[in-house]
Amino acid sequence: MISLKEAALSYGERVLWRDLTLDVEPGEFLVVLGPNGSGKTSLLRALLGEVPLSAGTMTIGGRPPRRGSPLIGYVPQQKAMSPAMPLRSRDLVRLGIDGHRWGMGRAGRAVRARVDELLAEVGAESYADVPIGTLSGGEQQRLRIAQALATDPRILLCDEPLLSLDPHHQQAVAELIDRRRRRHDTAVVFVTHEINPVLPMVDRVLYFVDGRFRAGTVREVMTSHTLSDLYGTPVEVIRAGGRILMAGALDAAGHHHPGGEEHGP
Amino acid sequence: MNDVWHQIFNFTDYGALLALVRNSLIAGAILGIVGGLVGVFVMMRDLPFAVHGISELSFAGASAALLIGANVVAGSLVGSVVAASIIGALGMRARDRNSIIGVLMPFGLGLGVLFLALYKGRAANKFGLLTGQIIAVDTPQLSWLAATSAVVLVALAVLWRPLTFASVDPEVAAARGVPVRALAPIFTIVLGLAVAISIQIVGALLVLALLCTPAAAAMRVTASPVRVPLLSVLFATVSMLGGTLLALGSSVPISPYVTTISFLIYLVCRGIGAARSRGAWTRRGAGATRTAGPVL
């Protein structure tokens, strides 16, 4: 579904990553990890066609990435919404269907039916007519998933979608994404700084540190040996109670600082 | 006391006066539509401060035109578009934007004061630009106003949906193919045009009563993307026409009437909104916060 060959991305002198060769299959759940500024979000932006690669090739469904491709659904991180924002849940979802078109646009019967379908798919019917500014973070994220599914995409790109949600909502939102990819064979590229909420779903991990990366299964990548090598400093990886805990000089690399993701110039 | 009251409200010879302000009423109705619609995006994009900043430079442009004997509407259009371009080019990010506006605003106001100080004409013209018109709108002024409004309305009609998307969630809109980076400066120019025509009637210091208050009031009582602009237009038009009709015959500019009506509407809407948020406003189906799993 996604294919990268010797891909590299740099901003001026700074190389975020290079020689990245990777194929993501339909229905595969790829988690992208790494400290802030290591190029996780930039990978998504390249897949969205918003930044060009500096070397190598990237294809999506066999074609080069382009802006606004209906093959891709994009789920951003939760952020505070003004309570006065003049949109209800159904209006936010509708933007995913025809929000990019020019003009005022009246919602026809087909659009309204599709909105209802999408709201049902994420279990948001009960607050369909509630102003989005009054919803909880978890409810807003469900709507953003519904919005991203509007074009029935083959790929879901998720940029820290669980950030600032409580554990209960983290799990609900992660399960929603997982269910979608199982039922519809949708490939998922999931950028996060915290693997544990999605650990049972992950097929493969792509771990960026400082211009270098490792890709493989959780078992291959999330080990003391691999990560010590990648960070260039001793890292202890402990598996406990179905969770992965990491200890070492990671904080210096900004590993546990959520938010403030890198954004290109 | 009675004297002051008569200066503020005076309805003698009302019928005869009404004929004289026909142009003002048409202008008020047009501005109500433009202000009500533009205001929706001013609120969604959090731009009230930009409106104020643009209006001060627009005022500088208008007073320069007054001084050199050029068309005042054209002068304020030039000032507005210059301000909007600067804000659009330098202030893409919210925190940059506010500081740039803070720097531009006193400069614009200062220039305006200079031009007015040099101007030897009627004093009413001077204050009109800052605090609103007393005198009736003349026909050439009305044509300028109508033509500029037409441009603003056509632009809004075309931009409406993608601009909404980009205002709610710029990243997702960009991912979906909306030209977010181009829309921001384009909207700022449209806003500049709306400000330039508004200051002709309500004055540079009071444009927010037209470009912010009605939309803010509408958003207090509904979140429907159809009803918000409709109500906003209704509120702005009622304020403009009501203000003009009340000001008629008094020796006071129309602006205090417009701003007061618009403020009262806001207060009422705020009250309704507050009562609702305790009641049915956010009510939903049973057990919504802990929703049962997805149906599919």
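Reader: Which residue is the bridge partner of A:Leu156 in E7(A)?

Author: In E7(A), A:Leu156 has A:Val188 as its bridge partner. Before the surroundings are described, some conventions are needed. The model is a predicted one, in which local features need pLDDT of at least 70 and side-chain atom pairs count only at pLDDT 80 or more, while totals for chains, interfaces and linings use all residues. Residues are numbered from 1 along each chain as its sequence is written, and chains are lettered from A and ligands numbered from 1 in the order in which they are written.

The pair belongs to two parallel strands: E6 (residues 155-159) and E7 (residues 187-191) of chain A are joined by five bridges. Strands here are DSSP runs of type E with at least two residues, and helices are runs of H or I with at least four, both numbered from the N terminus. Two strands pair if DSSP finds at least two bridges between them. In general, strands of a sheet pair through backbone hydrogen bonds, either parallel or antiparallel.

E6 and E7 are part of an open sheet of six strands in chain A, with the order E5-E6-E7-E3-E8-E9 and mixed pairing. At its edges stand strand E5 (72-75) and strand E9 (212-216) of chain A, each of which pairs on one side only. From one strand to the next, the twist averages 15 degrees.

Helix H1 (residues 40-47) of chain A lies across E3 (29-33), E6, E7 and E8 (204-209), and runs at about 145 degrees to E7(A). Such angles run from 0 to 180 degrees between N-to-C directions, with axes fitted as lines to C-alpha atoms, for helices over the stretch in contact. Residues are in contact if their C-beta atoms, placed from the backbone, lie within 7 Å.

Chain A also has an open sheet of three strands, ordered E2-E1-E4, with antiparallel pairing. Strand E2 (14-24) and strand E4 (55-60) of chain A each have a single partner strand, so one side of each is left without a neighbour in the sheet. Neighbouring strands of this sheet are turned by 25 degrees against each other on average, direction ignored. Strand E1 (residues 2-11) of chain A pairs with E4(A) over five bridges, and the bridge partner of A:Leu4 in E4(A) is A:Met58. H1(A) packs on this sheet as well, touching E1, E2 and E4 of chain A, and its direction makes about 120 degrees with that of E1(A).

Notes: Two residues are in contact if their C-beta atoms, placed from the backbone, lie within 7 Å.
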